[in-house]
Each structure stands twice: as structure tokens, then as C-alpha cells.
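This briefing goes with the sequence and the 3D structure shown here.

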Amino acid sequence: MTQDTTNPPAIGRFCHGEVLDILAASRPAGIKACAEVVLDDLGDVSVLTNRTGLAMLPFVDTVRNTNFHLGEVLVAEAHIRIPEHDIEGYGAVVGRDLEHAMAMAVIDAAIAAGHETSRILQFLESEQKHQNERETVRLKKVEATRVEMETF
């Protein structure tokens, strides 16, 4: 994962896009537990959207540098409002885990409100470390299948 230098940090060293990437790929049990703790004294929550549906998956053809839709993916999304802080939070994950999407929205709103930032930052750093380790293992498995070919 690369550091985004075009957007200011939303929390700690993470910009908003990085936060959403980490939360969407986080382990469901961990994010749900973190959101439960954050939710305790965040205030009343109004659920604006909580649903599953199909979304088009955009992709870039790197040869021609053109955008196209790779296909449809099932996503769960949640959109909430915290009237007390006049903020909103959004979460979307691949699959049908609405609780994961809702936990993501709660944490997104808590970051915007500046609520429980040390707990959330600790969770983000822990999840990013876990995701980087998982990616390293996956890349080592891919590297083992690499074939060198010569063309004449």
C-alpha cells in the first residue's frame, strides 16, 4: 500500500481513502468489536441506507489506458447520520455482510467527529499490519509460480 500524499490525513497518518481501504478489507470480527466500543457514547444513530446490491466494478485496461466495467459484484453498504455531531458515515464491503458495512460506517462517522480516535488509530494500524503481512504471503505464493519465457 502506498502513502497518499494528495489528501490530508483524516486520522493519524491515514487519509480518508486509506482508512476506507483498510476498513473494507479488515477482519469482520475485529471491526465489529471496535465499532461496538466506539458506538457506546457516540450518540444516536440514524440509518439512512443499509442494503445489499450489485455494483459495477470499474477497471482500467493498462495497455490502452481506458476504463471499462469488469463485471458486477455483490456489495453490502451502510450510510448513517449522527445528528448530535451533524456528520455522516459510509461503509461498503464486497459480499453480503451488512454488519461489517455498518461497523465501517460507524467508524467513519466517529473519525469525522473526532471520537475515540486513539482506539480507532490503534485498530487501523493493527489491521494495516495484518493486511500487509497477508499480502506478502500471497505475493510469495504467486512468485513461486512465476515462469521465465524467452521469445525468438
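Predicted model: local features only at pLDDT ≥ 70, side-chain atom pairs only at ≥ 80, totals over all residues.

C34 counts as buried, because its relative accessibility is 7%.

**Cysteines**

- C15 is also a buried residue, since its relative accessible area is 1%.
- How many disulfides does the count come to? The count comes to zero disulfides, where a disulfide would need a pair of cysteine sulfur atoms within 2.5 Å.
- The closest cysteine sulfur to that of C15 belongs to C34 and lies 18 Å away, so the two are too far apart for a bond.

**Helix α2 with helix α4**

- Two packed helices are described by the angle between their axes together with the distance between those axes.
- For helix α2 (residues 28–39) and α4, the axes come within 10 Å and cross at roughly 175°, and the two helices are therefore roughly antiparallel to each other, as angles over 145 degrees are counted.
- On the α2 side the contact is made by G30, I31, C34, V37 and V38, while R119, I120 and F123 make it on the α4 side.
- Sorted by class, this contact of α2 with α4 has six nonpolar residues, one polar residue and one charged residue.

**Helix α2 with helix α3**

- The axes of α2 and α3 come within 9 Å and cross at roughly 45°, and these two helices are therefore oblique to each other.
- In passing α3, helix α2 makes a left-handed crossing.
- P28, I31, K32, C34, A35, V38 and L39 of α2 meet E99, H100, A103, M104, V106, I107 and A110 of α3.
- By class, the contact of α2 with α3 consists of 11 nonpolar, one polar and two charged residues.

**Helix α1 with helix α4**

- Helix α1 (residues 16–24) and helix α4 (residues 117–143) have axes that come within 10 Å and cross at roughly 65°, and the pair is therefore roughly perpendicular.
- The crossing in which α1 passes α4 is left-handed.
- From α1, the residues V19, I22 and L23 meet F123, L124, E127, Q128 and Q131 of α4.
- This contact of α1 with α4 is made up, by class, of five nonpolar residues, two polar residues and one charged residue.

**Positive phi in the loops**

- Most residues other than glycine have a negative phi, which is the background for the next points.
- N65, a residue other than glycine, has a positive phi near 55°, and its place is in the loop between β3 (46–61) and β4 (66–82).
- Is N65 buried or exposed? N65 counts as exposed, because its relative accessibility is 63%.
- E116, also a residue other than glycine, has a positive phi near 55°, and where E116 sits is the loop between α3 (98–113) and α4.
- With a relative accessible area of 23%, E116 is partly exposed.

Note on methods. Residues numbered from 1 in each chain as written. Heavy atoms only, no water. Axes fitted to C-alpha atoms, helices over the stretch in contact; angles between N-to-C directions. Helix = DSSP H or I, 4+ residues; strand = E, 2+ residues; numbered from the N terminus. Parallel < 35°, antiparallel > 145°, perpendicular 65-115°, else oblique. Left-handed = near helix turned anticlockwise from the far one by under 90°. Contact = heavy atoms within 4.5 Å. Nonpolar A, V, L, I, M, F, W, Y, C, P; charged D, E, K, R; others polar. Buried < 20%, exposed > 50% of the residue type's maximum accessible area, 1.4 Å probe, protein only.
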